[in-house]
Amino acid sequence: MKKIIYFTLAVIAMGITAACSSDDNPNESVNPIIPPAKEIISKTESNLTFIIKNKEGRFTGDATNKVIVEIIDNIDSQNTVFNNTRMGITMHMTMANGHKMSHSAPITQLKPIQGTTNVFEGELMFTMAGTEPGVNYWVLEIETQTKGQTIKTKIDLMVYPRGESELKTLQKFQYNGNTYLIAMHEIEHIKVGDNSFLLSVYQSDNHGAEFPYAKDFTIEIDPRMPTMANHGVGKILPPLQYSSATEKYEGIITFNMTGYWYINLLVKNNANEIIAGQFVEADSQINSDFYFEVDF
Ligand SMILES: [Cu+2]
């Protein structure tokens with residue numbers, strides 16, 4: 001009996017010690033949570049190898065794509081510190097008349113996955129597919145700093161047309177002579193109930209070379225289940241609002257069951273006029289042509 005008590009006390013003491021030490025050392029290294037991902041392509045530049053991955057193992061046009069970039073030092077395997085790692089994308093196109101042009105697309109810049117200094121996560125909002133190397137294709141540029149050196153690489157990508165079964169995660173609209181893009185960021189740990197919902201709106205500037213955040217809109221969302229009489233979530237969800245802190249439109253999206261949801265979008269200007277999407281009546285079977293999709 002005594003033994004059990006001592007053992008219990010020892011366990012409690014260890015628990016307290018562990019709790020204290022973790023409180024005292026907020027910078028203690030955490031075990032990195034690297035999402036499972038398949039390699040898409042890799043490239044060796046100087047003595048570094050850049051491995052490009054995501055969950056799907058491919059990039060899709062007209063969609064918001066997550067990307068993971070892992071950097072390996074082939075000469076010094078102990079070196080896992082890569083600073084100021086950044087990316088950019090360019091599409092090169094050849095027009096029917098043979099003229100060449102190029103443009104970019106919105107991205108979410110790379111940032112290190114917590115607990116690592118050599119694995120980075122970001123997003124690429126390819127505005128179109130590009131599968132003809134040298135003719136119509138996207139180039140991913142990555143720059144990083146390690147051991148006092150700056151290393152840059154350029155990687156040609158295959159960006160496939162979005163398949164019919166692939167969900168809509170990027171939309172485009174015109175307003176006042178400008179083109180805008182709306183990207184849906186992945187809903188983290190999507191579940192029945194309330195979920196944090198984040199969209200980014202970008203204005204296409206300088207002929208598609210730059211994509212500053214657009215902040216002057218409100219976005220109303222109306223999730224529906226087309227396979228179940230197009231029912232909604234039983235309440236009106238508050239419009240998403242622009243946050244100057246995150247530069248995203250933020251709000252809550254509610255799902256009252258699992259499955260496929262069609263998220264109707266309504267974009268309004270600051271005069272409360274609809275500038276993209278259509279209002280969907282509560283009992284309507286017809287959805288807006290401006291929407292995103294989730295399935296869980
Ligand atoms: Cu293009």
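Which elements each supply at least two residues of the lining of the second largest pocket?

Mentor: The elements are β15 and β18. Strands are DSSP runs of E, at least two residues long, and are numbered from the N terminus. This is a predicted model, in which local features need pLDDT of at least 70 and side-chain atom pairs count only at pLDDT 80 or more, while totals for chains, interfaces and linings use all residues. Residues are numbered from 1 along each chain as its sequence is written, and side-chain values use heavy atoms, with hydrogens and water left out.

The second largest pocket holds about 390 Å³ of space. A pocket is found on a 1 Å grid over the protein atoms alone, as an open set of points where a 1.4 Å probe fits, with protein on both sides within 12 Å along at least five of seven lines; lining residues have an atom within 4 Å of a point. Its volume is the space filled by probe spheres set on the points, which are joined across faces, edges and corners. The lining has 21 residues, and those nearest the centre are Asp 222, Arg 224, Ile 236, Phe 279 and Val 280. β15 (218-224) gives the most to this lining, with five residues. By class, the lining has eleven nonpolar, five polar and five charged residues (Ala, Val, Leu, Ile, Met, Phe, Trp, Tyr, Cys and Pro count as nonpolar, Asp, Glu, Lys and Arg as charged, the others, Gly among them, as polar).

Ala 229 has a phi near 60 degrees, a positive value in a residue other than glycine. At 55% relative accessibility Ala 229 is exposed (exposed is over 50% relative accessible area, buried under 20%, partly exposed in between, with a 1.4 Å probe and protein chains only).

Leaving aside neighbours within four places in sequence, Leu 199 is in contact with residues including Ile 182, Ile 219, Leu 265 and Phe 292 (contact means heavy atoms within 4.5 Å).

For comparison, look at the largest pocket, with about 1500 Å³ of space. Of its 44 lining residues, Lys 55, Lys 66, Glu 186, Ile 187 and Glu 188 are the closest to its centre. The largest share of that lining, five residues, comes from β4. Its classes are 16 nonpolar, 13 polar and 15 charged. Domain 1 (38-160) and domain 2 (170-295) both give residues to this lining, so the largest pocket lies between them; the domain bounds come from an automatic or database domain assignment.

Terms used. Helix = DSSP H or I, 4+ residues; strand = E, 2+ residues; numbered from the N terminus.
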